[in-house]
Structure formats: structure tokens, C-alpha cells
Amino acid sequence: MNALIDLGAWTLEQVRHVGRMAIFALQLFKELPASLARFWLVVQQIHFIGNYSLLIIAVSGLFVGFVLALQGYYILVSYGSEQALGVMVALSLARELGPVVAALLFAGRAGTSLTAEIGLMRAGEQVAAMEMMGVDPVRRVLAPRFWGVLISLPLLACIFTAVGIFGAWIVGVVMIGVDGGAFWSQMQAGVDVFSDVGNSVIKSVVFAVAVGLISLYQGYNARPTPEGVSRATTRTVVISSLMVLGLDFIMTALMFSV
């Protein structure tokens, strides 16, 4: 009976968290249009969130492209299809690895930074001071950061994919000796702009919404203590990663099902 009681209490607590996050999301979405009146705040967040995450995204994309080309060549050459290396790498990056890996890296770099920043503002009573002065912290603090995530992550995912394809070209064409014309021509013929690239952008936008909401919610509702902020940043990484992987499975099943 005690185990059932504990399970029921845990389930109710999770339902409460979902409800609080839904209310938080509605409040945030309501303030998004008004927050664009101070667009320089959004530009600052794009610089802080996107520009500082560019290096890790680009370097990771390069090495992912290296590994994809190397492993893909070893598989394709056994079937005499090494000329299809380009299209295999491009589809792998555009459909899956680009948006997913970029979102996971973004959650670990920028998501935790947002959670810690807002959690420290809560601990330092800066949020309470804004409320006392009649300044809406959702519009002034949270909405520009959400816009920054929403704009930065799709761009970073595109950069990840482009750099990964370039890395695959270096390994496949320059180092191994795959024909460069076949590498690019089969990629051009096999990758569709709307069904592959377009769906990749849609995935990135959905991941940006999920990571942004989780990061801001965890920071805004963190306990105002060093331990509370630390646990909130940990929850941001864990929940964002699981959410990205779960949403990726659902969207892949809907987008590419025959």
C-alpha cells in the first residue's frame, strides 16, 4: 500500500508540473509579440545564445561528418555503391543528425546557461524587484530569451548540417578518393528541398520551442538557493534531451512514413 501511495503522490506531482508548465507557456506566448517592441533585447540574446554556441556546433558537425563519411564508405564499398556516399551523408544529416545533435548540444550549452541565469536572478530577488516596480519579468526577461532560442537553434542546425557535409567531402573525396562529381551530383539528385530540408527546419523549430520552454521554466521556478539552481540546470539537460529524442521519433514517424 505504501508503494501505491508513493506512486500516486509522484504521479499527481508530475501532473501538477505539467499544468504549471502549460500555464507558463501560455503566459510566455502571450507576451511574445509585445516583447518585439524592444528588438535590441532579442538581438542581444541571439548574440549571447547563438554566437557563443556556434563554435561547439560547428566543430561537432565537422567531426560528425568525418565519422559518417568514414563509416559510410566502409559499408557502401562492400556493395560497390561508394559513389552514393554524398547522398547518404546528406540525408543522414538533414533528416536526423543535424537537428537532433544540434538541439542536444544547444540544450547542454545554451539551455543550462539560460536556466542558471534566470535562477540566479530569482535567487538575487531581481525578479521580485521587477514585479514591485511594475515591470513584467515574463515580457522583459523571458520573452526575449525565448525569441533568441527560437531564432538561433534552426540556424545552428543548418550550420551543423552544412559543416557536416563539408567534413564528409574532406574525408570521402579528398582523403579516400571518391569521385567528387558523383559525390555532389547524387546528393543534389537525392535530397529534396521540401521533404528533407524543409522537414529538418520544422524539426529544429519544434526542438527550439521545447528546449526554450524547459530552460526558462526550470530557471524561473528554481528554488532560490545554490542547490536549487544547480538542480534546475541538471533537470534542464535531462528533460530537454529526453524531449528532443521523443519528439524526433514522433515527427520522423509522421514526416517520413510511407
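How many positive and how many negative side chains does the protein have, and how far apart do the centres of the two sets lie? Select Lys and Arg, which count as positive, and then Asp and Glu, which count as negative, leaving out His and the chain ends. There are 14 positive and 14 negative side chains, with the centres of the two sets 11 Å apart; each charge is placed at NZ of Lys, CZ of Arg, CG of Asp or CD of Glu.

This is a predicted model, in which local features need pLDDT of at least 70 and side-chain atom pairs count only at pLDDT 80 or more, while totals for chains, interfaces and linings use all residues. Residues are numbered from 1 along each chain, and side-chain values use heavy atoms, without hydrogens and water.

Next, colour by secondary structure. The protein has nine helices and zero strands (DSSP runs of H or I with at least four residues, and of E with at least two, numbered from the N terminus).

Now select Leu-85, Phe-106 and Phe-207. Within the largest nonpolar core, which has 34 residues, these three touch the most other members. Such a core is a set of buried Ala, Val, Leu, Ile, Met, Phe, Trp, Tyr and Cys residues joined through side-chain atoms within 4.5 Å; buried means under 20% relative accessible area with a 1.4 Å probe, protein chains only. Helix 4 contributes the most to this core, namely eleven residues.

Finally, select Leu-28, Val-42, Leu-142 and Phe-146. They are among the 19 residues of a second, separate core.

Technical notes. Buried means under 20% relative accessible area, exposed over 50%, partly exposed in between (1.4 Å probe, protein chains only).
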